[in-house]
Number of protein chains: 4
Amino acid sequence: MQKQITIGIIGAGRIGKLHAENITYHVPGVKIKTVSDIYADSIKDWAVNLGIEKVSSDYRDILNDPGTDAVFICSSTDTHSRFIIEAAKSKKHVFCEKPVDLDVSMIKKVLKEVDKAGVKFQVGFNRRFDHNFKKVHDIVREGKIGVPHIIKITSRDPEPPPLDYVKVSGGIFLDMSIHDFDMARYLSGCEVTEVFAQGAVLVDPAIGDSGDVDTAIITLKFENGTLGVIDNSRKAVYGYDQRVEVFGSKGCVTVSNDTPSTAVLSNEEAVVAEKPKYFFLERYKDSYIEEVISFFDALRYDKETPVTGIDGLKPVIIGLAAKKSLLERRPVKTSEILSE
Amino acid sequence: MQKQITIGIIGAGRIGKLHAENITYHVPGVKIKTVSDIYADSIKDWAVNLGIEKVSSDYRDILNDPGTDAVFICSSTDTHSRFIIEAAKSKKHVFCEKPVDLDVSMIKKVLKEVDKAGVKFQVGFNRRFDHNFKKVHDIVREGKIGVPHIIKITSRDPEPPPLDYVKVSGGIFLDMSIHDFDMARYLSGCEVTEVFAQGAVLVDPAIGDSGDVDTAIITLKFENGTLGVIDNSRKAVYGYDQRVEVFGSKGCVTVSNDTPSTAVLSNEEAVVAEKPKYFFLERYKDSYIEEVISFFDALRYDKETPVTGIDGLKPVIIGLAAKKSLLERRPVKTSEILSE
Amino acid sequence: MQKQITIGIIGAGRIGKLHAENITYHVPGVKIKTVSDIYADSIKDWAVNLGIEKVSSDYRDILNDPGTDAVFICSSTDTHSRFIIEAAKSKKHVFCEKPVDLDVSMIKKVLKEVDKAGVKFQVGFNRRFDHNFKKVHDIVREGKIGVPHIIKITSRDPEPPPLDYVKVSGGIFLDMSIHDFDMARYLSGCEVTEVFAQGAVLVDPAIGDSGDVDTAIITLKFENGTLGVIDNSRKAVYGYDQRVEVFGSKGCVTVSNDTPSTAVLSNEEAVVAEKPKYFFLERYKDSYIEEVISFFDALRYDKETPVTGIDGLKPVIIGLAAKKSLLERRPVKTSEILSE
Amino acid sequence: MQKQITIGIIGAGRIGKLHAENITYHVPGVKIKTVSDIYADSIKDWAVNLGIEKVSSDYRDILNDPGTDAVFICSSTDTHSRFIIEAAKSKKHVFCEKPVDLDVSMIKKVLKEVDKAGVKFQVGFNRRFDHNFKKVHDIVREGKIGVPHIIKITSRDPEPPPLDYVKVSGGIFLDMSIHDFDMARYLSGCEVTEVFAQGAVLVDPAIGDSGDVDTAIITLKFENGTLGVIDNSRKAVYGYDQRVEVFGSKGCVTVSNDTPSTAVLSNEEAVVAEKPKYFFLERYKDSYIEEVISFFDALRYDKETPVTGIDGLKPVIIGLAAKKSLLERRPVKTSEILSE
């Protein structure tokens with residue numbers, strides 16, 4: 001019979017709670033022993049209901065517990081690196097939300113520590129586990145579209161985040177497009193070498209005032225010559241728009257949005273279908289479950305995690321290149337970021 | 001805080017196990033205390049893993065337990081009536097798999113006992129809880145298609161059941177079409193008054209030899225004048241085909257099949273999409289969860305169950321009318337079955 | 001170089017004019033010499049503009065002209081038989097609009113005369129030449145769905161015809177469903193042996209008062225065992241609804257409606273597409289061209305016409321069986337109609 | 001009654017013949033008096049069959065004919081400017097195939113001469129008349145998607161042109177993408193101010209050897225701040241891929257490809273639909289008819305042509321900016337091209 005895995009969760013905001021619930025209801029053989037949060041009081045009832053043993057305001061109660069095997073880091077981005085390093089030193093396996101950090105040299109340091117400690121490390125790029133994108137990935141890997149020529153990613157949110165969040169998020173490229181940069185790498189199986197970003201403030205002038213853009217088109221060049229393009233918007237009134245297309249020498253594969261139902265109503269005015277699922281919690285519901293199942297499988301069977309440290313580093317580099325490209329109005333090589 | 005509900009499950013075949021797992025993982029506040037099965041030994045490991053307290057070979061261990069509030073009857077059809085009546089007498093609420101019974105007078109007797117005991121009673125017509133069909137139902141109820149004129153139901157299985165099962169199933173109309181008869185009532189909100197069934201043996205001659213058909217078209221007439229048609233096949237090589245259409249004075253609503261992903265591959269030969277989800281366990285996964293949640297909500301808040309005893313009776317009457325129609329090669333009124 | 005074919009057209013109502021225009025603009029090598037119409041004066045300008053030589057109020061000016069090779073009979077149904085017989089006797093090839101006649105023995109007499117004269121004869125079942133239905137036909141013929149088990153035809157008009165027309169049309173089965181009976185034969189490649197019709201008056205009570213129904217579901221049994229079902233309505237508010245589905249041992253082929261464009265608008269309310277093309281002139285535009293091209297090809301290369309006299313007779317028999325079925329509330333064999 | 005318009009056609013290659021046939025069969029009231037071609041002999045039979053009066057090897061037979069009202073210039077690109085100027089001086093209205101010229105100052109000179117002569121002038125950007133793109137245009141104009149934020153154009157050919165043609169075509173941006181630049185202006189109703197082109201040779205190395213690319217992603221910035229992106233490939237194995245998407249503050253409109261039929265085959269392997277219509281002659285068949293009808297309407301009712309001289313100039317400027325961008329690996333402003 002399977003050995004039970006015991007974990008702790010640092011940070012019980014929306015995503016921390018989501019992981020806790022998914023693990024409780026969908027992953028047999030894993031016990032959440034401790035959850036730490038700076039607002040520990042506010043999560044007590046929730047934790048009791050889930051059968052979580054302990055709630056603490058100090059994350060060290062997790063890292064110092066010898067009975068805990070792994071830790072989920074779901075706190076704010078600026079705390080990730082510190083917690084990962086401490087967790088690695090405590091020999092805990094780590095699942096960390098994206099982005100690992102906004103600073104490339106810090107991420108490198110983190111990865112070195114993780115490596116040294118020999119613990120498992122997975123980054124929360126959940127979209128790789130989405131049924132649609134995984135299918136595209138598999139079709140590409142099976143050679144069904146031949147050699148990829150063009151990769152297109154559409155990624156639009158239904159609403160901009162609060163302005164306070166925009167200001168500390170690192171900007172659209174590091175907060176929002178970073179998922180798309182990961183997707184580009186996942187689908188192509190290849191690294192990005194050059195980035196050109198075109199951006200505009202079309203949704204909300206306040207976003208512009210805070211130094212960011214809300215609409216962007218990002219052209220990518222991959223090391224094998226494939227071209228890519230991402231289009232982002234902070235606000236699609238019809239909901240969460242998440243589509244990809246990979247075009248190659250032998251064909252083209254696309255995925256469209258998921259909808260709450262397949263119902264189509266034909267009436268005197270038009271033929272009407274449902275809007276896409278509203279936002280990431282609905283759209284990527286199952287992918288969040290799959291990613292944690294994969295993490296625990298890697299632990300249990302001592303396999304490589306499906307989203308590694310390098311997978312955490314590379315999208316940040318692409319994001320920084322996009323940021324520089326927008327600022328300097330020229331294509332920027334990813335090697336420029338690495339040599340900075 | 002919610003009062004805990006304690007239940008027992010009679011019969012741990014495929015569907016009994018499914019309910020047990022759904023309740024364990026998806027319905028907070030419900031405890032499965034006992035599972036009974038004639039092959040009790042074979043389910044022990046499974047039960048332990050789910051945290052079920054007790055496994056018994058005697059269903060009376062459930063019905064006689066004063067700490068048990070409700071019972072799920074998932075045993076073979078020929079035992080349903082007896083178990084329901086005994087459960088009602090023991091003042092247990094009852095969730096019973098479809099069909100309640102193949103005999104109309106027996107169902108009537110069962111409903112009388114349930115009524116007398118004042119317990120809740122729900123029949124397992126899970127498709128009413130499917131996201132697609134529920135949406136069609138809601139669109140019809142909201143008047144968006146006006147007055148219904150034509151209801152069309154396509155329902156085709158990927159594979160015929162084993163021949164042994166076909167022989168005891170009561171025939172295609174009582175085993176398979178019965179879900180569609182329930183759907184017809186659910187979507188129309190109206191009773192069926194006349195049935196004409198046309199059948200053929202086109203899939204497997206052995207099905208014909210056992211006295212059944214494997215392909216059928218059933219025309220329905222509803223009491224408000226609406227017309228309906230169901231087409232059934234025991235074998236659709238492309239998978240589980242489950243679609244409905246309601247056409248009315250102000251429009252038409254349709255639902256198509258669900259697929260594992262929205263991926264579409266265009267290549268030199270064609271434009272290729274995924275087949276429908278394979279069979280009922282995949283297709284109706286969420287509906288099985290929703291139906292038990294609804295049952296427990298009815299218990300907890302003392303509401304009417306969403307699929308009542310009458311909803312268990314009526315489709316059997318329609319099924320028997322279809323059977324008679326096929327045999328006598330003429331349209332049969334449902335009132336003929338009632339007066340038999 | 002191709003020999004020029006010279007024709008006359010009897011009857012210049014909507015469909016006669018349509019054929020004249022299609023032949024003029026789309027069929028090289030055919031000359032429309034004469035058009036006859038009882039309201040000859042009203043069509044003179046139209047005829048001049050099309051370059052038609054002669055307009056007459058007497059159809060015999062066409063039949064008696066030795067320079068005319070073929071005649072299109074586009075007058076009212078009650079004149080068809082007489083004109084076909086006279087044309088055959090004058091050794092003119094005949095293209096006749098559907099239905100040939102409402103009387104089976106008269107059609108048989110007509111076909112005998114046509115046969116005796118040795119002229120070509122084609123009936124105007126234009127839907128066989130529609131790109132969608134032709135594709136379904138081809139897929140079925142190529143064996144791609146295996147042996148057909150179920151044929152489903154949806155055929156709904158956007159508006160009922162004027163009540164005066166309803167009264168003389170022969171009823172919904174001979175006026176409207178007759179196209180679907182032809183389609184059933186075309187797609188199955190097989191004859192219908194039994195018909196059960198269920199009808200209702202749901203669109204307009206005045207249609208009921210005139211002795212007809214406006215909504216119908218017709219179940220068909222084919223001689224090879226295949227089952228079929230047609231659903232008809234005189235009024236689909238969203239436009240002309242023309243779909244078919246053939247389900248068989250190796251798969252299922254469906255066609256959906258054509259739309260004016262593929263545009264899809266996603267907005268705050270819904271995802272909105274265009275309604276089907278409005279009515280038969282838009283939807284079947286190209287099929288009308290293809291059918292006359294096929295007719296002239298049959299003349300030019302001395303081939304059998306693609307829609308023969310038998311193809312004109314059989315749907316009328318099915319229509320009469322449907323009418324009898326509705327009246328007598330029982331399934332009716334097509335052989336009953338033939339033996340009357 | 002309408003005055004007859006008499007025209008001549010210079011150049012009877014594929015596109016010249018197409019216009020001649022469309023005018024003959026679909027545009028009443030227009031007479032093609034003369035066709036000139038350097039290989040006059042080879043087109044005589046074709047011309048006779050179409051009822052064209054005169055075939056000449058000298059285009060001046062058209063321009064010098066006082067009875068000719070307008071001329072279609074369908075010869076090779078390098079002859080366009082000269083023929084337009086001469087035609088304008090001869091007071092003939094001009095329909096000219098795209099591109100007008102590859103040289104901006106020459107186009108300006110041409111437009112000045114056309115203006116001076118006061119003749120009508122239309123450029124052959126036929127895609128504006130396509131049912132799908134016209135619908136997108138109308139939806140955008142009606143404000144249904146609000147203010148446009150992102151315009152996406154996918155345009156991929158089924159096969160690269162012959163290498164000899166690639167060499168003289170002016171390159172992918174002036175030969176192929178030029179249609180997309182026109183589409184970008186048509187859909188946005190706004191001018192492009194900046195272009196960034198990323199290109200690659202992924203289809204055929206010989207195209208690279210001839211100094212061109214065969215795969216491209218072009219980012220556009222419009223003067224109102226809208227962003228745009230075009231992706232091009234010389235070879236999509238599944239056929240002609242022509243889609244657009246306009247995303248804005250109130251919604252998003254997309255069009256997908258047209259297909260020969262709506263048939264969908266579900267079988268044991270997959271759900272299979274038809275490929276897009278093969279190439280521009282099938283896909284844009286009706287748009288070629290609509291564009292000439294519009295031209296003759298402009299002549300007849302003295303209206304502005306729907307695709308003016310400026311519409312001929314601007315896409316060439318964008319194409320030259322794209323070329324420069326690819327060469328210099330930087331975004332290029334369209335004003336740079338104008339000031340050269």
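In chain B, the side chains of B:Lys116 and B:Glu113 form a salt bridge, with 3.7 Å between the closest N and O atoms. The term salt bridge denotes a side-chain nitrogen of Lys or Arg within 4 Å of a carboxyl oxygen of Asp or Glu. Both B:Lys116 and B:Glu113 belong to helix H5 (residues 104-117) of chain B, where they are three residues apart, about one turn of the helix. Helices (H or I, at least four residues) and strands (E, at least two) are DSSP runs, numbered from the N terminus. Side chains of opposite charge can pair when their charged atoms come close. Over all chains, the structure holds 116 salt bridges.

The model is predicted, so local features need pLDDT of at least 70 and side-chain atom pairs count only at pLDDT 80 or more, whereas totals for chains, interfaces and linings use all residues. Residues are numbered from 1 along each chain as its sequence is written, chains are lettered from A and ligands numbered from 1 in the order in which they are written, and side-chain values use heavy atoms, with hydrogens and water left out.

**Two interfaces of chain A**

Chain A is in contact (heavy atoms within 4.5 Å) with chain C and with chain D. Buried area is the accessible area (1.4 Å probe) that two parts lose on being put together, summed over both. A polar contact is a pair of N or O atoms within 3.5 Å; within protein, one must be able to donate a hydrogen and the other to accept it, and residues adjacent in sequence count only if both atoms are side-chain atoms.

| Interface | Buried area | Carbon and sulfur share | Salt bridges | Residue pairs in polar contact (both at pLDDT 80 or more) |
|---|---|---|---|---|
| Chain C and chain A | about 990 Å² | 64% | zero salt bridges | four residue pairs |
| Chain D and chain A | about 3,200 Å² | 63% | eight salt bridges | 15 residue pairs |

**Chain D and chain A**

Here 41 residues of chain D are in contact with 41 residues of chain A. One salt bridge links D:Arg329 to A:Glu194, the closest N and O atoms being 2.7 Å apart. Among the elements that give two or more residues to this side of chain D are strand S7 (148-156), strand S8 (192-200) and strand S10 (227-233). S10(D) provides the largest share, six residues. By class, the side of chain D that touches chain A has 15 nonpolar, 14 polar and twelve charged residues. Ala, Val, Leu, Ile, Met, Phe, Trp, Tyr, Cys and Pro count as nonpolar, Asp, Glu, Lys and Arg as charged, and the others, Gly among them, as polar.

**Chain C and chain A**

At this interface, 13 residues of chain C are in contact with 13 residues of chain A. C:Glu268, C:Val271 and C:Lys275 supply 41% of the area that chain C buries against chain A, more than any other three residues.

Strand S14 (residues 271-273) of chain A and S14(C) run antiparallel and are joined by three bridges; strands pair if DSSP finds at least two bridges between them. Within this pairing, A:Val272 has C:Val272 as its bridge partner.

Superposing chain C on chain A takes a rotation of 180° with 0.0 Å of shift along its axis (RMSD 0.1 Å), by least squares on the C-alpha atoms of residues with pLDDT of at least 70 in both. That is the relation of a two-fold axis. The C-alpha of C:Val272 is the one in chain C nearest the axis, 2.3 Å from it. Because 100% of the interface residues of chain C are also interface residues in chain A, the copies meet through the same surface.
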